[in-house]
Amino acid sequence: MTDALTLPPQPPALRVVPQPSDANVHGDVFGGWIMSQVDIAGSIPASRRANGRVATVAVNSFLFKQPVFVGDLLSFYAEIVKTGRTSVTVEVEVYAQRMRLADEVVKVTEATLTYVATDSGRKPRELPALA
Ligand SMILES: CC(C)(COP(=O)(O)OP(=O)(O)OC[C@H]1O[C@@H](n2cnc3c(N)ncnc32)[C@H](O)[C@@H]1OP(=O)(O)O)[C@@H](O)C(=O)NCCC(=O)NCCS
């Protein structure tokens, strides 16, 4: 069953509309395309917290709850849930507005990814202190 929802109140990290080239011949969007967008969305708060370059070290969990279709307006909400010495773990939730209309909102994906702050030699770098 599809749950009727409203979008979260905070601004999304990323919004994008999948195109026909992102889908199979039936108009269903490839999971791998969504994974790459989730990775980009999660890297936004991670690189902000790291104040610079990060690399994705792990996809801890990834759940495709509902299909995504060409023409959906996708909103990616990314929140830091954990930090370590060099790592930042981010939860990403993705909502679809079907055919870009506000009246049908569906949570399509949820994922947790870990990023590592890296230096110019691509080695782990300590996170800067919080201001
Ligand atoms: C990311 C990378 C620089 C880390 O280097 P490393 O020598 O393995 O780093 P470390 O073992 O010191 O771990 C660094 C941090 O990552 C965390 N980490 C490592 N493996 C992890 C895993 N499987 N899950 C969650 N966190 C992990 C560690 O706990 C540590 O966090 P902390 O400092 O906050 O405690 C290195 O693994 C790398 O370059 N990987 C490829 C990254 C990449 O190209 N990503 C894009 C995919 S194409």
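**Entry 1**

I noted that the model is predicted, so local features need pLDDT of at least 70 and side-chain atom pairs count only at pLDDT 80 or more, while totals for chains, interfaces and linings use all residues. I also noted that residues are numbered from 1 along each chain as its sequence is written, and that side-chain values use heavy atoms, with hydrogens and water left out.

Lys107 and Glu93 meet through their side chains at 3.1 Å, N to O. Lys107 belongs to strand β5 and Glu93 to strand β4, so this pair ties together parts that are 14 residues apart in sequence. For the bridge between Glu110 and Lys107 I found the closest N and O atoms 2.7 Å apart.

Which of these residues are buried, and which are partly exposed? I used the cut-offs of under 20% relative accessible area for buried, over 50% for exposed, and partly exposed in between, with a 1.4 Å probe and protein chains only. Lys107 is buried at 17%, whereas Glu93 is partly exposed at 21%, and Glu110 counts as partly exposed at 26%.

I then traced the elements, taking helices (H or I, at least four residues) and strands (E, at least two) as DSSP runs numbered from the N terminus.

Two strands pair if DSSP finds at least two bridges between them. By that rule β3 and β4 pair in the antiparallel sense over ten bridges, and a hairpin of three residues joins β3 to β4. β4 and β5 also run antiparallel, joined by eleven bridges. Glu93 in β4 is the bridge partner of Tyr77, and Glu93 stands opposite Glu110 in β5. I found β4 mostly covered, with eight of its eleven residues buried.

**Entry 2: another salt bridge**

How many salt bridges are there? The count comes to four. One that I looked up joins the side chains of Asp72 and Arg98 at 2.6 Å, N to O. This pair links distant parts of the chain, 26 residues apart, with Asp72 in the loop between β2 and β3 and Arg98 in the loop between β4 and β5. Both Asp72 and Arg98 are buried.

**Entry 3: the nonpolar core**

A nonpolar core is a set of buried Ala, Val, Leu, Ile, Met, Phe, Trp, Tyr and Cys residues joined through side-chain atoms within 4.5 Å. The largest one holds 24 residues, of which Val38, Leu74, Phe76, Val92 and Val94 touch the most other members. The elements that give two or more residues to this core are α1 (31-50), β3 (73-83), β4 (87-97) and β5 (105-117).

Not counting residues up to four places away in sequence, Leu74 touches several residues, including Leu14, Trp33, Val68 and Val94.

**Entry 4: the chain as a whole**

Along its principal axes the C-alpha trace spans about 45 × 30 × 20 Å. Buried residues make up 37% of the 131 residues in the chain. Among contacts between residues at least 6 apart in sequence, 69% join residues at least 24 apart.

Conventions
Contact = heavy atoms within 4.5 Å.
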